[in-house]
Amino acid sequence: MAAAQSDRDPPSALCAEFLNFSAKDTASRWLAAADLQQEVYAHLAVYVPRILCLGPSGSSSSREEQREELACQLLLLAPLEWLLLGEEPATGLALLQEKNQPSPLCGHVFKVGEPTYSCRECAADPTCVLCMQCFLGSVHKEHRYRMTTSGGGGFCDCGDAEAWKKGPYCQKHTPTETRDTEEDPVAQLPPDLVARGYSIFSIILKYAVDMLTWEQDDQLPAGLEPPEKGDTYYCMLFNDEVHTYEQVIYTLQKAVNCSQKEAVSFATTVDRDGRKSVRYGDFQFCEQAKSVIVRNTSRQSKPLRVEVMHSSVVAHQCFALKALSWLGQVIQYSDGLRRILCQVGLQAAAEGENSSLVDQLMLNDSKMWKGARNIYHQLLMNSLLMDLKYKKIFAIQFAKSYERLQCDYVRDDHDREFSITDLSVQIFTVPSLARMLMVEENLMKTIIKTFVDHLRHRDLQGRFQFDRYTAQQAFKFGRVQSLIGDLKYVLISRPSEWSDQLRIKFLEGFEAFLELLKCMQGMDPVVRQVGQHIEMEPEWEAAFTLQMKLTHIISMIQEWCSTDERVLIEAYRKCLSALSHCHSSLPDGEQPISLSLAGHCVETFRYQVSQDKVSIHLPVCRLLAGLHVLLSRTEVASRFPEQLPLGELSPPLLIELPLRCLVLCAQVHAGMWRRNGFSLINQIYYYHNVKCRVEMFDKDVIMLQVGASMMDPNHFLMIVLSRFELFHIFSSADCRKRYREANKDVVQQNNTLIEEMLHLIIMVVGERYVSGVGQVEAFDEVRREIVHQLSIRPMAHSELVKALPENGNKETGLERVIDSVASFKKPGVTGRGLYELRPEWNKHFNLYFHHYSRADQSKAEEAQRKLRRQNGEDTALPPPLPPPLCPLFGSLVNLLQCDVLLAVEGAVLQWAVEPSGGGWTESMLQRVLHLVGVALLEEHQQLENSSGDDDVTFNYTAKITRPGEAPSTSGSVLALLESLQNAPHLEVHKDMITWILKMVTNIKTMRERTSSASTVTISQGQGPEETVRDKDKAERKRKAEMARLRREKIMAQMSEMQKHFINENKELFQQSLEELEASTSAAAEHSPLSSEPSCVSQVCVGPRRVGGAERRQLVTCILCQEEQEVRGHGRAMVLAAFVQRSTVLSKNRRRNLPDPEHHDPLFMHPDLSLGIHTASCGHIMHATCWQRYFEAVQLKEQRRQQRLRGHTSYDVENGEFLCPLCECLSNTVIPLLPHTHSPDHSVDHPNLEAWLRTANQQIAVLHFAHRKQSDGVAEGAEPAVPEGFRVDFTPQNPFSSSVSEMITTFSMSTYKVGLKVNPNEQDHRVPVLIWSTCAYTIQSIERLLMDEEKPLFGSLPCRQDDCLSSLTRFSSACWTAAPATTTHTHFIRLLSALVPDSQVENTPCILDIDMFHLLVYTVLSYNSVHSLDQSGRSGVDSAHLHLLHLVTVAHLVQVLLTSTTEEVCMDQDSLATEEEELTCQLYNTLRKHLGSVLPEVTSGWQLFHCVKVGVLPFLRAAALFFHYLNSTAPPADLLVAGPGQWEALCSYLSLPSNLLQLYQSQHTLLEPLIHRWCCHPGVRQTLQGGGVIVRFPRESNRLIELPEDYSVLINQASSFTCPRSGGDKSRAPTLCLVCGSMLCSQSYCCQTEVDGEDVGACTAHTFTCGAGLGLFLRVRESQVLFVAGKTKGCFYPPPYLDDYGETDQGLKRGNPLHLCTERYRKIERLWRQHGIAEVIGHAQEANQTLVAIDWQHL
Ligand SMILES: [Zn+2]
Ligand SMILES: [Zn+2]
Ligand SMILES: [Zn+2]
Ligand SMILES: [Zn+2]
Ligand SMILES: [Zn+2]
Ligand SMILES: [Zn+2]
Ligand SMILES: [Zn+2]
C-alpha cells in the first residue's frame, strides 16, 4: 500500500495547477492546432489520471468526490465548453437556449418509482405515459386514467402526436407558433459554431465510445498513454445476477479483509453501478484479492467476474462517462446541437455497415457494466429519440442489428431494463415507425424468426419440447420471451390503411408466425395413465407460458387481418394449408369405421381419447377458427360465399382435434385421468382460465360450430358421441332402456360424460355472442359476461375485471357497459364497493353459460332460484333468447331438431321416468330440458319473424310429437315430457317442464294462426295459462310447507351436534360468547356507575365522599363458570390484560428512550414521551384457572415450536397468551380487589395547614428512621413524633396469599414491560411503574373521550370500565407487596416537589412534572405512610383532598407560567369578573418572582381563559381517578356531553368552581410555596428556552396529514433518497404515519443494529418513534404496515380507495386513488386506543403465513 500512496500527487500540487490553468487559453490553443484530436487527447492523457480515481475509492468521502467533480469541470470540461461556444460557457449556453425553438416533446426521463400516467381513453397504447407535471396540465386528468410507478428508464410522451388520439400536448408543451418540423435546426446556428460542434462532438463521442468498449486492462488507446505510469491498480468487481448479496458480502470480507459494513457498501454499489473497485494497490496486491474472490465463488456456479485494471484505464473510463453526461447536458440547450450530435453518432465510419459510433455502443452493450449502459442509454434517449428525423434513422439501425442485439441480450444475464434492447418500447410503439420498419426491414418476420431460432429443442415432428430443458435453457427461455413483448409493440396499433408493401410484409410475418404455431401444435401430448399413478409430473408450465404470452399476439394478428379483406382471405388460405400440413399425419394407422344411428350413417376412424395421445395445444386450428369467424363477418361471406376458400375444408378433420381436447376435459371431470396427476389438472384449469380461454377453449367451441355448420348435423353428433366414447350407449337396439353396466364406477363415469356431452351440444348451438358467429357486437359479448358474473353474486370492480379477458391494451371493455347492467353500492368503513345486477337483466341468465365453472354454475343456479322465489315467480330457469346466427353459421340450428339429438333426448327422458338407481342423473335431465327449451325458443323466434308458415323450416314441435322409433314402444318426446310433469321424484324440474309444455302450446297456437294467415304474435306468459296459475299457486304453497319441515329437521340436527361439540370441549366452551357478554354487562350493572346516578351532590374525594364499598361484587370465572365474590381474603380472581409501552401521548418524539437500568421514573415529564398503557378485554378468571390455562398454552407452544420451528402470533416466552374466551392478545392479569372502605366519619379532618404540619413531622420522623437504619446511628436530635405515629408498625396484610401472588404477577409484568428489564421484585421502582400505568391509562382514555366528544362517564365500553376500575384499585393496594421504606421514600420525594424539603435533593422544577401523575403517585403512596398512623384520629380521605388541592394549585401555576405568549392583548369590554381579577393577581405574583421572563399581560379575561382550558384535562382525569379509586357514582351532568361540565366536575372533586379561590383562601400558606416553585433554577431556564416547554392543554396527537391524491405521495417518495447511500433512490420508501418521517425500508443500506440484531429501517424507527410499535404506509405498495417489536407485524388496508370503493394493495390496477378520511380516522382511532398490537395478533392468528414474514427486516 505504501508504494501506491507515495505515487500520488499530493492534492496541493493540483491546487496550484487550478490557479494557473486557464480554460479559455487552452481552448484557443486547441483551436489553433493543426490536429485538434491529438491536442485534446494529449490534454486528457495528462489530466484525467491525475484528477480521477486516485487511491482506494472504497473509502471515498463526499469531500473527495466534490474535489474530483470540481477538478473535472475546471480542467477538463471547461476548455471543451470554451472551444465549443467560443465565449464564456455560461453566457454562451444561455444565449443558445434563448434562441432555441424547442421541440414540443417533453421527454422527461423517469426515475425509479416516479408516478406515470396513461389515459385509458386517449393513449395509443398503454406504454404511452405522461409525467406528473404534464399530466396535471393535460386534458386527460379529466378522463379515465391509470397511474403506475415507473421502473426507471422510459420518458414522458407528452408532445408526441402519435402517442395520443386526443390532447397530445399539455399546457406547457403546446407549440406556441406553428413551426415547420421539417426545418433543419442546425441551420439556425452560426456556421462556425456548427463546425466546431461537429469536430468536438466527434472527438469526445469517439473518445467515450473507445473507452467504454475498451477491453485491455493495462493499455490505453493511442494518444492517451499517461506520461508516467505507476504500479497502481484496481481490483474491479463486476455485478452478476447469479450470486446473492450474502455470497458477495461474505466473499469480500474474506478477500479484501474489510468489515461487514464496508462489504455491504461494496456489494450495494456493485449491484447498482455494475462494478466497483474493492482494492487499490500494486498489481500483486490486487491479483491476490482477485484470486481469493474467484476461488471462493467458483464452487457452485461460475465465479464472480473480477479484473485487475490499471488506475489510468479506470480513470479514463470514469471520465468517459462524465463526458457522455456532459454531452447530454449541452444538447439540452439547443435542438441544433442535438441534431449535430445525432449526425455524429450515426455517421457510418469508413469500415462500412454497422460502424457508426452508436452502432459500436449498441453492439458492445452486453459487454459493458450497468453504470456505463445506463449513462449512454440516457444519452440516446436525450438525443436520438428526441429528434424526430434521427429517431427514424436510429430506428432503422436498431432494426438492422435487431437479431444480433437480441442474441447478445439472451446470452447476457442482466435484467432487461439494463439492456439496449429495452429501447424497443420507445421505437416500436410509434405506429409510423413500426409500420416503416415492418415494410422496410421486415421487422415482424425478423422478430418472429429470431424468437423461433432461440427455441431449438424440438421433438421428431419438429414440435417444441420443453421437458428436457436444463436450468440454463429455461433461463434463456425466460429471456427470449421479451421478444414477444417487442412483437406486441409492433402489432399494438392496427393499420388504418394498407399499402401493397405492407400486405406483402405482413403476410410474410404471418407465415413466419404460422411456422411458430406449427411448432406448438400438438406439443406436450398426454396419454391416459392406467394402473399406476404417474411417477413424475411432466413439465407443462413452459408450454403454457408460451401460450399465455402469445395469446394477445394471436388476437392482435386476427385484428390486423380483420381490417383488410384481401389480407384476411390470404391469411385464411395460409392458415388452412398449415393446418393441412399438421393434419397430414392424422388418420394414418387408424382404422376407418362406420357408425349408424337413428337411420343415419357416417364414416369415421377409430380413435379413443382415453387410450391414444392427445394434446391441449392446437394453436393452428384455433387461429383458423378465429379467421373463419372474421370471414363470416365480411361482405364476401354474406354475398359471395363461393369466393371463399371453404371448399378445401374437410369438416370432420376440422373438428377432430378440438373435439378431442374437449373430450379430454370431460374425461378429466369424469375422473378418468386421476392417475395423471396435477400437471394435467393444471393444464385443464388454464385451458378454461380467463387468461388463456380466448385463444384456447373459446376457439375450440367455435371450431365445432364451424364444423357443425358445414356438416350433416346427424353426422356431427354421431362423431361427437363416438369421441365421447358414448356411442354404444345410445346406439344399442334398446337404447331407451338404460344400458346396463355392472361396474358402478363406469356407470358414474358415463353419466358425467353424458352430462358433459349434452353441455357441449348446448354450447355449440347456443353460444352466439361472438361477432361473426351470432349477429352481435363486441359490446354485447362483454355485457353478457358481466351479466353472468353478477348472476353469481354482487361483485367488486376488480373482481369483475379479473373475470374478463383483457385485450393487448389491458382493457376489458367493462366500463362501457357496466352501468347499463348494474347498479353500484358504495362501501362503508370496511369492505369494498359492489356492483349489483339490475333486475331487468335476470332474464338473460343462461345456466349453461360456457364460461361458468361447475362451482360457478351451481352458485349461480342457487342464487337465481332464490331470487325467483323471493319475487314469487316459478323457479324454472329456461334458456334466454339467443341472438340470431350469422349466415355462415345459420345451419347450426338444425342440430336441435336432428334425429340423432332427438334420439338422445328421448333416451334420457325415458330413463327419467323411473326414479333412478344410478342409471341417470338430474343434471342430465336438466340439460336435455334446456336443449328442448332452446329448440322451442328457436321455433318460436322463427315463427315470429316470418311472414308465412312456409318459410319456417324449423319444426321442432312436429318432431317431438312423433312417436319413438321402433322397436321402442314408448311414446313421443312430448308424451314423455307430459308424463314426467307430475312425477313426484322430479319436483325440482317441474317448473321447467311446465314452461316447456306451455311453449309447445304457444307455438301450436301460433302455427294455427299463421296458417290461417293472421300474423298476430303471441307473447309468452299470457292467454292460455290463466287456468294453470291457480294450480301453480297451490303447488307452491305445498312446496313451501315441505321446505319448512325440512328446515326444522335440519335445525334440530344442528343443535344436537352443537351440544355434542360443547360437551366435548367443556374446558373452554361452557358458555357461548353471547351469554358471557351478557354476564359481564350484568356485572357492570351492580357496579356503582349506573345505580345511583343523579344524587344531589356526589363527591368522590375527601371526607365528604360517598363510598361504594358496601356492594358485593359477584363475578363468574369464564373457565370454570363458578361464581365468586371478590374479597381480599378470598380466592383471587383476575382480569386478562395487555400491558404495553406507549408513545401515543408523546409531545416530544425526539427524546431518547431511557436507559432501563438507571432510569428514575418517579417524576413523569409533562411531555409524556413514554408511558405504559394497560388494556383488558374484561374477561375474568380464577387465578388458579388462569394459571392452569397458561401452563397448557406454554406446553402446547413448546410442542408446536418443536414441530414447526416458527413463531406464533403471540410470544409465550414473554408471557403472552390469547384470552381463552375472546382470543384477545394479553400478557398478564390484573387481580380484582374489593372496593375501598367508606370514609370514617368519626375522625377529624384537619385543615391544609394542620395536615401539612403533621405530614412534615411524619416525614421528619421517617427521615430519621431511614438514616438510622442505613447508618446504624442517626445524628442530631430525634424529631418530635406525632401522636400515634409508629415508624416500626407493620400493617397487617389485607390479602390472602393467592391475591398477593397475583399482585406480584401484575407488578412484575408492568415492571418488565415498562422498563424492558428482567423481573426483580426488590427493585424500588416496581410500585412507581404500577402507579404510572394507572395514571397514563386514565390520561389516555380521558383524551379519547374528549376528542370523540363523549361524556366523561357512562360512555366507556364495559371492558374498559372494568379494566380502569381494577387497575386503579390494584394500584392503591400494590404498596402492600413492596417494602414499606420504599414507598415512604417515594412519598417523601414526591411531596418535596410541592412542599420543598431541604433533605431531598434533585427535585425537578414544576415545569418538568406532569401534575396528574404527581397527584396519582402522591395519593397512592400516601396510603403506606398513613398506615403507620395508629392514632385513629385522622382519615386518609382528608389527606387525599389536601393533596388534590396542592397539586391543583401547582398545576394552575404551571399553566400560567407556560400559557402566555407575546401576542397582543385584547381590550376588555366589560368589568373583570372575580375569577379574572384573581388570575391576574396570581399571575402578577409569578411575575414578581420571575420578572421579565414572563411577559406582561393586561387581559385577565384571556389569562383566565387559558387557565380554565389548560387545567380541564387534569380535572377530568382526576375525576376519573377518584371515581375508580373510591367507587363513587358520577353526577348526572357528567353522564352527558355538553355544557355545565365545569361546575359538575369541580363539585364532584370537592373543589370550588372558582379554582383561584384555592390559592386565595390559603394565601399565606401557599405564597411561600409558590415563591419557592418559581425560584427553582429550572423554571427560569426552561422559560428562557433551555428546554421543551409543554403548554396546556396538551394538544392530542394525530396521525400525519395525508394528501388527498395518492400520486402526490408517490411523487414525494420518488424524490426521496436513501439517507445512508449518498443520493440513491430508495427501493421501498415508507412513511411513518406517526411522525411523518420517510424511511428507506426493506434494504440492506438502512439496516441498523438494535439490541445486537440487524433490523430494517421501519423496525429501527419504531424503537425511537413508537417505543417498539409503528404504523407505516409503504408508498410503492399502497399498503399500511403495522409492526410491534421485532417479530410481529401485519399489513392493513390503506386508507386510499379508487372510484369503485376498492383499495389497490400493491398498486397493481393503477386506478386513481383518493384518501378516504373515514378509513384513515379508523386507523388513527386504532392507534390512539392502543389497539394496534391487538390487530396484529388477530391478523397473524388468522393468517399463519404472516407469521413467517421477517418483519424486522422491513
Ligand atoms: Zn412530461
Ligand atoms: Zn408536457
Ligand atoms: Zn385522455
Ligand atoms: Zn375458575
Ligand atoms: Zn377476553
Ligand atoms: Zn437505504
Ligand atoms: Zn415516526
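## Salt bridges across the structure

A search of the whole structure turns up 63 salt bridges, a salt bridge being a side-chain nitrogen of Lys or Arg within 4 Å of a carboxyl oxygen of Asp or Glu. The model is predicted, so local features need pLDDT of at least 70 and side-chain atom pairs count only at pLDDT 80 or more, while totals for chains, interfaces and linings use all residues. Residues are numbered from 1 along each chain as its sequence is written, chains are lettered from A and ligands numbered from 1 in the order in which they are written, and side-chain values use heavy atoms, with hydrogens and water left out.

Some of these contacts join up into a group. Arg 793, Glu 799, Arg 832, Asp 1698, Glu 1702 and Arg 1709 are linked in a network of salt bridges.

Start with Asp 387 and Arg 339, whose side chains meet in a salt bridge of 2.9 Å from N to O. This pair links distant parts of the chain, 48 residues apart: Asp 387 sits in the loop between α15 (370-382) and α16 (388-400), and Arg 339 in helix α13 (residues 335-346). Helices here are DSSP runs of H or I with at least four residues, strands are runs of E with at least two, and both are numbered from the N terminus. Asp 387 counts as buried at 6% relative accessibility, and Arg 339 counts as buried at 6% too. (Buried means under 20% relative accessible area, exposed over 50%, and partly exposed in between, using a 1.4 Å probe and protein chains only.)

Next, find Arg 1728 and Asp 1347, which form a salt bridge with their closest N and O atoms 2.3 Å apart. Arg 1728 lies in helix α62 (residues 1717-1728) and Asp 1347 in helix α49 (residues 1326-1347), so this pair ties together parts that are 381 residues apart in sequence. Arg 1728 is buried, with a relative accessible area of 11%, whereas Asp 1347 is partly exposed at 34%. In another pair, Arg 416 and Asp 422, the closest N and O atoms are 3.6 Å apart; Arg 416 counts as buried at 16% relative accessibility and Asp 422 as partly exposed at 28%.

Now for the metals. Donors are N, O and S atoms within 2.8 Å of the metal (3.2 Å for Na, K and Ca); water is not among the atoms, so sites may look incomplete. For four tetrahedral donors, the ideal angle is 109.5 degrees.

Cys 1177 lies in strand β13 (residues 1171-1182) and Cys 1219 in the loop between β14 (1217-1218) and β15 (1225-1226), so the pair ties together parts that are 42 residues apart in sequence. Cys 1177 counts as buried at 9% relative accessibility, as does Cys 1219 at 1%.

Which residue coordinates both the zinc ion (ligand 1) and the zinc ion (ligand 2)? Cys 134 does, and the two ions are 4.2 Å apart.
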